[in-house]
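Please keep the sequence and the coordinates in view while reading.

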Amino acid sequence: MTETSRPIAVKAMYLLSDVNGPDSGNFTVFPGSHMRPLQFNQDPPVGPGTPGAVQLNGKAGDCYIFSHALWHGPAQNLSGHGRKTLLYNYCQMFMRCYDFDSTPDVAQRATPRQRRLLGDLGYDFRPGSYFYVPDDQSEIILGHGA
Amino acid sequence: MQKLTEQQRIDWAVNGYIVLEGALSPEEVALFSDEIDGMRARPGWEPMAGMLPRGHYGWVEKCPDQNPESFMDRRDILPYNQAFIDLIDRPNVFELIVDIMGPNIIFSMSQAIVRGSGDGFPVTPTPMAVRGSGKSG
């Protein structure tokens, strides 16, 4: 992983609750940490009290796009309210879906672009499929197949 | 296709994340929030702490805690509503992800999380949180 590498995994986190002030279940990040390995043996363990941690505030409807290599997690929540989020994860194609072992049934209700993202390559899987991608991959993903 | 602004490109490179204010409309926020509340009474994939290894999810008939303000970690949420499928490639977010990652990508995971008041921080790698959820947000 270098500054010019494509990230292996990226997440979109959608806030569905306002988050105001610290210790409100804030999405907590270590800015810049996507370029260094997590210190697994640190004592005390890396947490929201570790120097460099930033608890982000936000409004319902905001979205954070972050590299999955970024050190991240939730702050404790003492706000008195639940904090709701949606997380959507995207990987390079040589990775596999975390939620499915094959293209899920919902792909039948999806657009061509969504189906491709859900693992439907337009032909049955064969070795190399996810590395040597379908010829129409860019066309599908970049918009005309949506 | 929408691209990162110059400032977003800098933020991504330096910080490893970008913030999109108002990415969802208030109507979408209300819809998704209601859907999350509704999931609690419906079957789905949840962590099942103490029964499955941390980070694994098992099939439950409903969320053990029906209070909509309390903890819930539900995976594979696409089947619950067409809006969750359509969120996969919502242009104002997805096009920026494509700009960052390139076009050779897959969608690998969907998740709805409620962090209840009183919930702690699931520290990595020593899981303080007994509920056994993944660490993301």
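Which residues are exposed on the other side of α2(B)? They are P26(B), E27(B) and D34(B), where exposed means over 50% relative accessible area, buried under 20% and partly exposed in between (1.4 Å probe, protein chains only). The model is predicted, with local features requiring pLDDT of at least 70 and side-chain atom pairs pLDDT 80 or more, while totals for chains, interfaces and linings use all residues. Residues are numbered from 1 along each chain as its sequence is written, chains are lettered from A and ligands numbered from 1 in the order written, and side-chain values use heavy atoms, without hydrogens and water.

Helix α2 of chain B comprises residues 26–39; helices (H or I, at least four residues) and strands (E, at least two) are DSSP runs numbered from the N terminus. Its buried residues are V29(B), F32(B), S33(B), E35(B), I36(B) and M39(B). Because they cover an arc of only 160 degrees around the axis, they lie on the same side of α2(B); the arc is taken from the directions from the helix axis to the C-beta atoms. These buried residues pack against β6 (83–92) of chain A and, in chain B, against β4 (72–75), α3 (82–86) and β5 (105–115).

The largest nonpolar core has 55 residues, such a core being a set of buried Ala, Val, Leu, Ile, Met, Phe, Trp, Tyr and Cys residues joined through side-chain atoms within 4.5 Å. Those with the most contacts inside this core are I65(A), L86(A), Y88(A) and L78(B). Its largest share, seven residues, comes from helix α4 (residues 91–101) of chain B. A second, separate core of 13 residues includes L70(A), L87(A), Y17(B) and I113(B).

Note on methods:
The expected span of a helix is 1.5 Å times one less than its number of residues. Contact means heavy atoms within 4.5 Å.
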